[in-house]
Amino acid sequence: MQLFRSFVKKEFYHIFRDVRTLLILFGLPIALILIFGYVVTSEIKNAKIAILDHSKDKITTEITNKILSSGYFILSENLKSAKQIEEVFRQGEVREVIIFEPEFSKNLSKTGQANVQIITDASDANTANLILNYTRAIIQDYSMSLNKIPAQSIKIIPQTRMLYNEELKGVYMFVPGTMALILLLVSAMMTSISIAREKEMGTMEVMLVSPLKPLQIILGKVTPYFVLSFINAVTILLLGVFVFGMPVKGSLILLLGESMLFILLSLSLGILISTVSPNQQVAMFISMMALMLPTILLSGFIFPIENMPPLLQWISHIMPARWFITVLKNVMLKGTGLLFVWKESLIMIGMTVIFISMSVRKFKVRLE
Amino acid sequence: MSKEIIISVQNLMKKFGQFVANDDLSFEVYKGEIFGFLGANGAGKTTAIKILCGLSTPTSGKISVAGFDAYTQTNKIKHNIGYMSQKFSLYEDLTITENFRFYGGIYGLNKKQIQDKTKQLLERLKLEDAKDKIISSIPLGWKQKLAFSIAIMHDPKIVFLDEPTGGVDPITRRQFWELIYETAHQGITVFVTTHYMDEAEYCDRVSIMVDGKIIALNSPKNLKNEYQAKSMDEVFLKLTRN
Amino acid sequence: MNELSVIINEVSRHYNKVIALDKISVSIKKGEIFGFIGPDGAGKTSLFRILTTLLFPHTGYITIEGLDVVKDFKKIRNIIGYMPGSFSLYQDLSVEENLNFFASIFNTTPEQNYHLIKDIYQQIEPFKNRPAGKLSGGMKQKLALSCALIHKPEVLFLDEPTTGVDAVSRKEFWEMLKNLQNFGISIIVSTPYMDEASLCDRVALMEDGRIMEIESPQNIQAKYPYLIAAIRSNNMYDIISDLQEIPKATSAFRFGDNIHLSYKKGELHKDEIVNFLENKGHKNISFDMVEADIEDCFMELMNKN
């Protein structure tokens with residue numbers, strides 16, 4: 001225990017004395033989250049929309065005014081027919097088209113229901129989603145204000161459609177995606193680099209020639225990064241929830257548990273990388289090429305997996321981050337429990353076991 | 001020996017913040033001499049060499065190397081000196097000829113000059129037959145001699161050798177010094193640092209640095225007389241150990 | 001004193017096709033300072049890595065304090081201290097933190113064996129809060145030695161502890177090793193500096209993965225078969241090629257401001273050589289006999305092979 005403590009202490013010294021390590025550990029996560037967040041929230045101001053009003057009555061005019069006066073939207077043009085919708089989207093300026101059905105007010109007063117259709121350009125999924133939510137909220141708001149006067153309930157039903165990316169895979173993707181990316185970066189890359197550094201400096205040689213067991217060396221190296229990664233995970237979650245309004249619908253304990261599992265998985269990957277890297281450069285290179293790039297490109301973080309060619313879809317199955325992102329989305333956005341993410345969790349556990357056993361076997365008690 | 005001055009250092013100071021690395025150094029090095037630059041680790045040798053090679057600017061003092069000013073004419077200095085350190089600087093994955101070609105190119109030698117020089121230097125080392133061998137495959141001793149040959153390929157006025165003989169076998173070491181001796185005889189000044197005190201005996205004159213200052217400068221023979229020592233090793237110990 | 005600490009028997013090791021060690025056999029006594037002396041590439045580091053259980057021997061066997069380096073490597077790791085060639089220290093940890101850490105991986109504390117490192121550590125103690133990376137070569141070397149000693153090893157392996165360190169620090173380092181000998185520790189050290197051979201009890205002279213000689217430094221020098229003359233004249237540039245023309249001389253090397261000429265006793269005489277040089281036009285010839293040092297012996301052994 002004494003040994004373990006001094007090992008961990010030493011590792012923390014390394015971390016806290018190196019500005020670069022500190023920056024990657026704490027600066028990068030926050031910067032990444034804020035950059036993604038900023039990009040997403042900033043674009044919603046002055047989004048251009050088009051309106052196709054088949055009724056042109058009092059209520060549709062009122063709704064249109066409300067939407068346009070909200071400050072989020074600018075009217076690009078009033079459309080005359082449904083044929084124009086495709087065309088305005090093609091031009092690329094317009095982000096959203098709002099279509100009021102014919103006889104809108106009449107339907108509303110007769111049946112208490114009227115339909116408004118909202119079509120968004122979801123090729124930029126995050127923005128599309130935000131625009132949609134704003135529009136919905138404004139219409140909802142208006143519908144509520146109508147309800148206050150008469151006794152019976154009146155409903156304006158927004159029917160939404162996302163064009164070009166129908167399933168909207170980018171919804172709130174940036175928080176789960178960034179989280180997966182950062183945990184992978186911090187855990188796998190930093191651990192592999194720090195073990196490789198010991199090899200480079202020759203200190204590994206001295207440790208090998210001591211009575212230390214491989215497992216002790218690995219645990220001593222990995223524990224600090226586990227702790228720091230977990231702090232990172234919590235920070236990212238807090239930022240997501242409080243700065244960007246990301247919901248956490250499911251169990252918080254499950255969420256944190258899954259995060260720990262993913263951290264463990266990343267750490268075991270890092271150890272595996274370090275066993276095959278003779279120096280820091282190689283460790284860095286392998287982490288970058290084999291982990292970072294595929295994670296960004298293939299885990300569904302930026303490009304929806306469904307839209308990939310079959311070969312890449314197949315490859316995405318071996319991306320640890322893919323499973324973690326799925327779990328995060330399910331737990332945070334849909335509020336599902338372990339019952340619905342057991343498959344992903346099992347896959348992650350399996351990967352962890354495989355990586356750890358591979359690295360323990362590969363971690364040599366000698367130099368060959 | 002003609003006493004033409006090739007390096008002139010007057011009141012050289014180099015400070016890093018509060019720390020004085022070179023404290024009022026003054027010395028002269030003559031053309032064609034083998035000048036030994038000795039001192040304990042951290043005495044300030046490396047700092048001084050960097051200044052003389054035009055890699056670092058002195059804090060104050062008047063320094064001229066091969067007739068050029070160490071503040072304003074560092075580029076001209078670099079053209080007129082050669083440098084070789086223990087870490088060689090040969091490209092391990094290139095052949096001997098390719099290394100010559102590359103370094104010759106750096107110093108602006110034309111194709112013909114490079115070919116002639118390569119031939120001449122390899123003949124001197126008796127390595128003509130090995131010219132197409134990859135550097136990583138040749139023995140350490142050869143590398144050392146090659147690195148030296150490359151450092152003097154462009155006929156510099158001065159060649160700086162920073163611990164050139166670390167770790168080589170004694171026969172190679174003697175051959176290496178023979179090479180240095182010949183080079184000096186041709187009029188190239190040799191400025192050398194070493195941890196082997198017996199090598200100090202090869203030098204025409206030796207300076208010994210302690211804590212940023214030069215505390216002795218003379219021929220090995222005179223130093224041994226002055227400090228009543230049998231070897232330079234003893235002189236060095238007497239001077240640095242208190 | 002005749003008990004053996006380390007037995008190396010017919011040990012070979014190769015990397016791909018390059019032979020690093022070629023059937024090496026050495027026995028090292030308890031409490032002895034034993035030096036492996038040879039240039040870079042002689043196989044010293046490979047041998048030390050096999051001795052410290054970091055590499056397998058490809059043939060032969062080694063025992064340390066009766067334990068086999070392959071089978072009993074775990075036990076061996078408890079009783080040896082190892083200082084690799086590059087002073088393996090954590091550059092960003094302070095002197096004190098390095099020492100504490102290396103003590104802890106051997107399940108001990110610096111206090112427990114402080115008597116062992118006291119003399120060494122006291123010299124660097126004023127800098128105990130300085131990061132190891134900012135120490136001078138000599139201080140790093142002392143710290144690395146303290147770290148290798150902290151668990152009171154029975155056998156201490158020092159791989160090129162003096163490389164790149166100035167003459168004064170080297171001298172001090174050897175004095176420390178002599179003091180450690182009083183604690184009964186067997187000290188096995190490698191070095192490319194021939195002049196350090198005389199500081200060992202016994203040495204093995206290594207070249208190209210082979211051992212050319214195992215002896216006490218005094219005996220090695222006594223066995224040198226030639227006489228050496230230190231010769232000077234007014235023309236020090238041509239003298240070497242002139243001397244090399246003397247057929248009966250075995251070698252002529254420049255050494256400092258002299259030429260060292262070696263020849264078999266009885267085959268050449270001072271007058272003969274001086275006359276020869278005078279005929280070649282040399283003047284002011286000085287001629288002194290000098291003793292062979294380890295380097296001369298090493299060269300002679302290299303030529304023989």
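**Chain contacts and local features of a predicted three-chain model**

Within chain A, 78% of the contacts with a separation of 6 or more are accounted for by residues 24 or more positions apart. The model described here is predicted. Chain A contains 14 helices and five strands, and of its 368 residues 50% count as buried.

Helix α1 of chain A, which covers residues 2–17, has 16 residues and reaches 23 Å from its first C-alpha to its last, a span close to the 22 Å expected at 1.5 Å a residue. In general, an α-helix has 3.6 residues a turn, so residues three or four places apart point the same way.

Elsewhere in chain A, Met204(A) is found in helix α8, which comprises residues 203–208. Met204(A) counts as buried because its relative accessibility is 6%, under the 20% that sets the limit for buried residues. When neighbours within four places in sequence are left aside, Met204(A) is in contact with Ile195(A), Glu198(A), Lys199(A), Ile217(A) and Phe363(A). Met204(A) and Phe174(A), by contrast, are separated by 30 residues in sequence and by 39 Å in space, taken from C-alpha to C-alpha.

The arrangement of the chains was examined next. Two pairs of chains touch, and of these the pair formed by chains A and C has the most contacts. Chain A and chain B are joined by no contact, and their closest C-alpha atoms lie 17 Å apart.

Where chain C meets chain A, the contact takes 30 residues from chain C and 23 residues from chain A. The area buried between these two chains is about 2600 Å², of which 62% is given by carbon and sulfur atoms. Two salt bridges are counted between chain C and chain A; Glu205(A) forms a salt bridge with Arg49(C), in which the closest N and O atoms are 3.1 Å apart. Between chain C and chain A there are also 10 residue pairs in polar contact, with both residues at pLDDT 80 or more. On the side of chain C that touches chain A, the elements giving two or more residues are α2 (73–79), β6 (80–83) and α3 (95–105) of chain C, and the largest share, five residues, comes from α3(C). Sorted by class, this side of chain C has 16 nonpolar, nine polar and five charged residues.

Where chain C meets chain B, 30 residues of chain C are in contact with 28 residues of chain B. The area buried between chain C and chain B is about 2800 Å², and carbon and sulfur atoms give 60% of that area. The count of salt bridges between chain C and chain B is four, and in a salt bridge between these chains the side chains of Glu178(B) and Arg254(C) meet at 3.0 Å, N to O. Six residue pairs, both residues being at pLDDT 80 or more, are in polar contact between chain C and chain B. Helix α6 (167–181), strand β12 (249–255) and helix α10 (294–304) of chain C each supply at least two residues of the side of chain C that touches chain B. By class, that side has 15 nonpolar, four polar and 11 charged residues.

Backbone geometry was also considered for two lysines. Lys56(A) has a positive phi of about 55° although it is not a glycine, and this residue is found in the loop between β1 (47–53) and α3 (58–69) of chain A. With a relative accessibility of 64%, Lys56(A) counts as exposed, the value lying over the 50% that sets the limit for exposed residues. In chain C, the phi of Lys152(C) is near 55°, again a positive value in a residue other than glycine. Lys152(C) is found in the loop between α5 (137–149) and β7 (155–159) of chain C, and its relative accessible area of 44% makes Lys152(C) partly exposed.

Definitions and conventions. Residues are numbered from 1 along each chain as its sequence is written. Chains are lettered from A and ligands numbered from 1 in the order in which they are written. This is a predicted model: local features need pLDDT of at least 70, side-chain atom pairs count only at pLDDT 80 or more; totals for chains, interfaces and linings use all residues. Side-chain values use heavy atoms; hydrogens and water are left out. Contact means heavy atoms within 4.5 Å. Buried area is the accessible area (1.4 Å probe) that two parts lose on being put together, summed over both. A polar contact is a pair of N or O atoms within 3.5 Å; within protein, one must be able to donate a hydrogen and the other to accept it, and residues adjacent in sequence count only if both atoms are side-chain atoms. Helices (H or I, at least four residues) and strands (E, at least two) are DSSP runs, numbered from the N terminus. Ala, Val, Leu, Ile, Met, Phe, Trp, Tyr, Cys and Pro count as nonpolar, Asp, Glu, Lys and Arg as charged, and the others, Gly among them, as polar. The expected span of a helix is 1.5 Å times one less than its number of residues. Buried means under 20% relative accessible area, exposed over 50%, partly exposed in between (1.4 Å probe, protein chains only).
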